[in-house]
Amino acid sequence: MNQSIFQSGMSFDDYVTKMEPAHKEGFRKSYDQVRLSEEDKKDLARLHCCFYVLAFTEAWCGDCRINLPVVAKMADMSKNLDLRCFSRDEHRELAKAYNIERIPTFILMNERYEEIARWVERPAAVAEALANGNEEEKRFVRVAYNQGRYQPDTIDEILDLLLA
């Protein structure tokens with residue numbers, strides 16, 4: 001990755017602005033729901049240098065609607081976190097170069113634009129419950145996930161990757 005490719009991506013606001021109204025509303029609602037704890041804010045303040053997040057996403061994807069706004073809010077609250085969004089379908093060659101299969105995929109990079117970690121699709125607790133839970137558990141988790149109740153898990157997982 002180089003800086004010019006990263007900078008060619010869209011900001012979260014620009015990405016949402018270009019969406020169809022139905023998708024735009026969902027992303028904005030998810031963004032407004034994101035709440036960072038005092039501990040999360042302290043962790044963001046501890047970021048020792050600038051980190052870059054390259055997000056492969058699509059407006060029609062529920063996991064993107066839930067999780068991209070979380071990272072956008074984190075970036076908005078930190079001077080050391082910069083987010084750029086790329087439509088996977090519109091940037092197929094770039095997505096292929098990064099082996100992007102599922103969305104959202106957040107590629108976390110250091111100040112030299114070197115990949116240091118990835119976060120893919122949904123929080124681990126949600127993925128685990130959907131893979132191994134019974135039908136009632138899966139239904140409960142899906143409802144809670146869609147309501148944003150797992151946003152703190154996403155925040156914690158992203159922060160853990162950045163602060164590792």
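**Close-up views of a predicted model**

Figure 1. Now look at Cys64: the nearest cysteine sulfur belongs to Cys61 and is 3.5 Å away, and Cys64 is in no disulfide. The cut-off for a disulfide is a pair of sulfur atoms within 2.5 Å. Cys64 counts as buried because its relative accessibility is 0%. Searching the whole structure, which is a predicted model, turns up zero disulfides.

**Figure 2. Helices H4 and H9 side by side.** Here H4, residues 38–45, packs against H9, residues 151–163, with the two axes 10 Å apart and at an angle of about 25 degrees. That angle makes H4 roughly parallel to H9, since angles under 35 degrees fall in that class. The crossing of H4 past H9 is left-handed. On the H4 side you will find Asp40, Asp43 and Leu44, which meet Ile155, Asp156, Leu159 and Leu163 of H9. Sorted by type, the residues of this contact comprise four nonpolar and three charged, with no polar ones.

**Figure 3. Gln151 and its surroundings.** Gln151 is part of helix H9. With a relative accessibility of 5%, this glutamine counts as buried. Which residues is Gln151 in contact with, leaving aside its neighbours within four places in sequence? They are Ser30, Gln33, Val34, Arg35, Ile66 and Val70.

**Figure 4. The loop between H6 and S3.** Pro104 sits in the loop that joins helix H6 (92–97) to strand S3 (105–109), and the peptide bond leading from Ile103 to Pro104 is cis, with omega near -5 degrees. Asn99 has its place in the loop between H6 and S3. Asn99 is not a glycine, yet its phi is positive, at about 55 degrees. Both features are worth a look because most peptide bonds are trans and most residues other than glycine have a negative phi. Asn99 counts as exposed, at 59% relative accessibility.

Figure 5. Although Glu121 is not a glycine, its phi is positive, at about 75 degrees. Is Glu121 buried or exposed? Glu121 is buried, with a relative accessible area of 16%, which is under the 20% cut-off.

Technical notes. Residues are numbered from 1 along each chain as its sequence is written. This is a predicted model: local features need pLDDT of at least 70, side-chain atom pairs count only at pLDDT 80 or more; totals for chains, interfaces and linings use all residues. Side-chain values use heavy atoms; hydrogens and water are left out. Axes are lines fitted to C-alpha atoms, for helices over the stretch in contact, and angles run from 0 to 180 degrees between N-to-C directions. Helices (H or I, at least four residues) and strands (E, at least two) are DSSP runs, numbered from the N terminus. Angles under 35 degrees count as roughly parallel, over 145 as roughly antiparallel, 65 to 115 as roughly perpendicular and the rest as oblique. A crossing is left-handed if the near helix is turned anticlockwise from the far one by less than a right angle, and right-handed if clockwise. Contact means heavy atoms within 4.5 Å. Ala, Val, Leu, Ile, Met, Phe, Trp, Tyr, Cys and Pro count as nonpolar, Asp, Glu, Lys and Arg as charged, and the others, Gly among them, as polar. Buried means under 20% relative accessible area, exposed over 50%, partly exposed in between (1.4 Å probe, protein chains only).
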